[in-house]
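Here are my notes on this one, written as numbered points to read with the model open.

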Amino acid sequence: EVAGKLALKYPDIKITTPAYVGSQKPPKHIKPGPNTAILYAPIRQRYSPTNMLLPIGEIRHIQEELEGWHRIASSIYLWDYVDVIGGAPIPFPNFDPLENGWDFLIANGVTGIFLQGCFLGHGSLGELKSWLYAKKLWNPKWSQDDLIQEFVHSYYGPAAAEMAAYVALQRNAWQTFRRDFTPGMGLKFSGQEKKQMYELLEAALADCAGQPTYQERIERELLTLLSLSLSAARPESLADYSSKLSRAEALITKLKVKGFGEGTTVEE
């Protein structure tokens, strides 16, 4: 009703209204006007790490609701959750589930998207994700593989080969998760995968010796891998845990990390 009155004097101004929790389901007897943008935020279906790793168009509840909104609303924005929120900043390969969602969103009338994650709060591959998703939101047709290659070579310099393999390893782990998925199942890296990730980051650090800018970029990623090891329910051994904890504490001090995850500012 407010939007309808506003449209009489300011027809070009849009009002957003959240379709969120109790208002997530499309109404039966209300039709939003052309100046009302529905901000669809399916937190119940997307907030869990497992559901963030599924293509959004494959989650039946979201599929049905978004199709319903598309029938009655002329403007739809999406608020999506795409990284581990408020938890440990561990490797979280959500590249391909997002890539598999663009066509579904476009087909269902979504014209604006806000992606909520912890990318700049010391999340895994945070800089790559922030850049990649900004590019994909600008033009969903651009090749994700080409964009990842462009960023990795520009951002990691002499360590580009190892970091490209590191990203590929994470993405392959997602492929395994997707192939074997059953409801409630989470993505877990095998012991061999974690070993390979450590080896790649160590090799990347060696390639960046004497180049502090590149070295710190690798060390930030190493900190997320250490967090993955330290958050394990059963550490491999007390000695291994102690060694990784000491290294993580040293990196936290060196990189001046004040906080992890949601709520951490870029400056922090």
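1. Start with Gln-170, which is in contact with Pro-91, Phe-92, Pro-93, Ser-124, Leu-125, Phe-189, Met-197 and Glu-221, leaving aside its neighbours within four places in sequence. Contact here means heavy atoms within 4.5 Å. Gln-170 is found in helix α9, and its relative accessible area is 0%, so it counts as buried. The cut-offs are under 20% relative accessible area for buried, over 50% for exposed, and partly exposed in between, with a 1.4 Å probe and protein chains only.

2. A word on provenance. This is a predicted model, where local features need pLDDT of at least 70 and side-chain atom pairs count only at pLDDT 80 or more, while totals for chains, interfaces and linings use all residues. Residues are numbered from 1 along each chain as its sequence is written, and side-chain values use heavy atoms, with hydrogens and water left out.

3. Now the overall picture. The chain holds 12 helices and four strands; these are DSSP runs numbered from the N terminus, helices being H or I with at least four residues and strands E with at least two. Its C-alpha trace spans about 65 × 40 × 35 Å along the principal axes. Of the 268 residues in the chain, 45% are buried. Among contacts with a separation of 6 or more, 70% come from residues 24 or more positions apart.

4. Which residues touch the most other members of the largest nonpolar core? They are Met-163 and Ile-218, in a core of 65 residues. Helix α9 (residues 160-179) gives the most to this core, with eight residues. By nonpolar core I mean a set of buried Ala, Val, Leu, Ile, Met, Phe, Trp, Tyr and Cys residues joined through side-chain atoms within 4.5 Å. Not counting residues up to four places away in sequence, Ile-218 touches Tyr-156, Ala-159, Met-163, Leu-201, Ala-204, Leu-205 and Cys-208.

5. Helix α9 also packs against helix α8 (residues 144-155), at an angle of about 140° and with the axes 9 Å apart. Axes are lines fitted to C-alpha atoms, for helices over the stretch in contact, and angles run from 0 to 180 degrees between N-to-C directions. On the α8 side the contact uses Gln-144, Asp-145, Ile-148, Val-152 and His-153, and on the α9 side Ala-160, Met-163, Ala-164, Val-167 and Arg-171. Those residues divide into six nonpolar, two polar and two charged.

6. Four strands form an open sheet in the order β1-β2-β3-β4, with parallel pairing. The edge strands, each pairing on one side only, are β1 (15-20) and β4 (110-116). Neighbouring strands are turned by 25° against each other on average, direction ignored. Two strands pair if DSSP finds at least two bridges between them.

7. Look closely at β2. Six bridges join β1 to strand β2 (residues 36-41); Pro-18 stands opposite Leu-39, and Tyr-20 has Ala-41 as its bridge partner. Towards β3 there are three bridges, again parallel, and there Tyr-40 is partnered by Leu-78. Thr-36, Ile-38 and Tyr-40 point one way from β2 and Ala-37, Leu-39 and Ala-41 the other way, and all are buried.

8. Is Asp-80 buried or exposed? Asp-80 counts as buried, at 2% relative accessibility, and its place is in strand β3 (residues 76-81). Not counting residues up to four places away in sequence, Asp-80 touches Arg-46, Ile-56, Leu-98, Phe-114, Leu-115 and Gln-116.

9. Last, two backbone items to look at. Most residues other than glycine have a negative phi. Val-21 has a positive phi of about 55°; it is found in the loop between β1 and β2 and is partly exposed at 31% relative accessible area. Leu-125 has a positive phi of about 50° and lies in the loop between β4 and α7 (126-138), but Leu-125 is buried, at 0%.

Technical notes. Ala, Val, Leu, Ile, Met, Phe, Trp, Tyr, Cys and Pro count as nonpolar, Asp, Glu, Lys and Arg as charged, and the others, Gly among them, as polar.
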